[in-house]
Amino acid sequence: MAAEMRALSGRADLCSINTATLGFQRPLGEVIDAVARAGFGGIAPWRREVEGQDVAGLARQIREAGLKVSGYCRSTYIPAASKAGFRDNVAANRRALDDAARLGASCFVMVVGSLPQGSKDLAGARAQVKEATAELLPHARQLGVRLALEPLHPVYAAERSCLTLLSEALDWCEEIEPAAASPALGVAIDAYHVWWDPNLARDVGRARGRIAAFHVCDWLVPTSDVLNDRGMMGDGVIDLPGLRKLVEGAGYAGLVEAEIFSAQNWWKRPIEDTLDVARQRFSTCV
Ligand code: ZN
């Protein structure tokens with residue numbers, strides 16, 4: 001059954017702001033208030049803003065502001081050159097999952113990492129990520145926080161993510177958690193990372209029941225930096241309504257999250273201005 005795509009026009013309550021979009025210019029407490037004041041329904045904070053802070057207090061503030069937490073960013077990179085390093089990385093992710101639960105996050109975003117320094121063993125990196133994911137999964141399930149494997153654009157394959165294809169992420173889900181009625185292991189579909197994939201329609205369809213998060217921004221042409229020159233929705237070449245139609249057609253009913261790394265543009269603007277433009281673009285370009 002093909003679901004109708006939701007109308008986002010005037011529905012900022014269906015949209016979430018990943019705090020990276022605002023450039024970490026202000027403390028999370030202020031960002032929470034600004035995002036809520038702008039009418040958004042959710043927020044996705046980063047560990048750098050949360051760890052070492054009063055997590056319960058931040059969770060309460062988010063709740064009282066009426067915001068959902070569409071995701072908690074992000075996992076410590078998993079692959080390591082030594083067994084001890086691997087154990088440390090798994091332990092760090094276990095602690096981060098506890099914070100994700102305290103915040104009421106619907107998922108923990110897994111940016112998985114890739115080659116340890118000096119290594120050329122990509123298959124080994126992938127094996128480590130799968131092992132760690134399988135180990136973290138029961139903890140995540142117990143906490144009620146989904147693990148969201150986020151495949152990144154292949155340009156990041158060396159340093160940030162040995163997981164680059166949505167199809168590969170789904171293969172891992174099925175391998176690690178086969179035939180789950182309500183899967184605790186899922187995927188984060190980020191427009192920036194998957195828009196170019198010729199098998200996107202097929203694989204988003206296959207992701208039914210596993211889509212834990214949906215991230216949007218745009219791919220600028222030309223782009224000056226594949227890490228920190230993401231575009232505001234509508235400013236680039238990604239068919240965002242087309243992608244959202246696929247994602248929602250596959251049953252995703254969660255928040256649509258804007259995640260824009262933009263060192264030279266949006267991060268330099270007052271956060272209220274960026275929130276204003278994001279709200280308009282959700283209405284017209286997503
Ligand atoms: Zn993302």
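The model you're looking at is predicted.

**The zinc site**

- Four residues supply the protein donors of the zinc ion: Glu-150 (OE), Asp-190 (OD), His-215 (ND1) and Glu-259 (OE), lying 2.1 to 2.2 Å from it.
- Along the chain, the spacing of the donor residues reads E-x39-D-x24-H-x43-E.
- Glu-150 sits in the loop between strand S6 (146–149) and helix H6 (166–176), while Glu-259 sits in the loop between strand S9 (256–258) and helix H10 (271–285), so this pair ties together parts that are 109 residues apart in sequence.
- Are these two glutamates buried or exposed? Both Glu-150 and Glu-259 are buried.

- When you describe a pair of aromatic rings, you give the distance of the centres and the angle of the planes.
- For Phe-24 and Trp-46, the ring centres are 6.2 Å apart and the planes are at 80°, so you'd call the pair edge-to-face.
- Phe-24 belongs to the loop between strand S1 (15–18) and helix H1 (28–37), and Trp-46 to the loop between strand S2 (42–44) and helix H2 (47–50), so the pair ties together parts that are 22 residues apart in sequence.
- Phe-24 is partly exposed, with a relative accessible area of 22%, whereas Trp-46 is buried at 13%.
- Ring pairs also join Phe-24 and Trp-46 with Phe-261 and Trp-267 in a cluster.

**Tyr-192 and Trp-219**

- How are the rings of Tyr-192 and Trp-219 arranged? Their centres are 4.5 Å apart and their planes are at 25°, so this pair is stacked.
- Distant parts of the chain are linked here: Tyr-192 is in helix H7 (residues 191–194) and Trp-219 is in the loop between strand S8 (211–216) and helix H9 (240–249), 27 residues apart.
- Tyr-192 and Trp-219 are both buried.

**Arginines over rings**

- Arg-48 lies over the face of Phe-24, 3.8 Å from the ring centre.
- Arg-269 lies over the face of Trp-266, also at 3.8 Å from the ring centre.

How values were computed:
Residues are numbered from 1 along each chain as its sequence is written. This is a predicted model: local features need pLDDT of at least 70, side-chain atom pairs count only at pLDDT 80 or more; totals for chains, interfaces and linings use all residues. Side-chain values use heavy atoms; hydrogens and water are left out. Rings of Phe, Tyr and Trp (its six-membered ring) pair if their centres lie within 6.5 Å; planes under 30 degrees apart count as stacked, over 60 as edge-to-face and the rest as tilted. Helices (H or I, at least four residues) and strands (E, at least two) are DSSP runs, numbered from the N terminus. Buried means under 20% relative accessible area, exposed over 50%, partly exposed in between (1.4 Å probe, protein chains only). A charge sits over a ring if NZ of Lys or CZ of Arg is within 6 Å of the ring centre and within 35 degrees of the ring normal. Donors are N, O and S atoms within 2.8 Å of the metal (3.2 Å for Na, K and Ca); water is not among the atoms, so sites may look incomplete.
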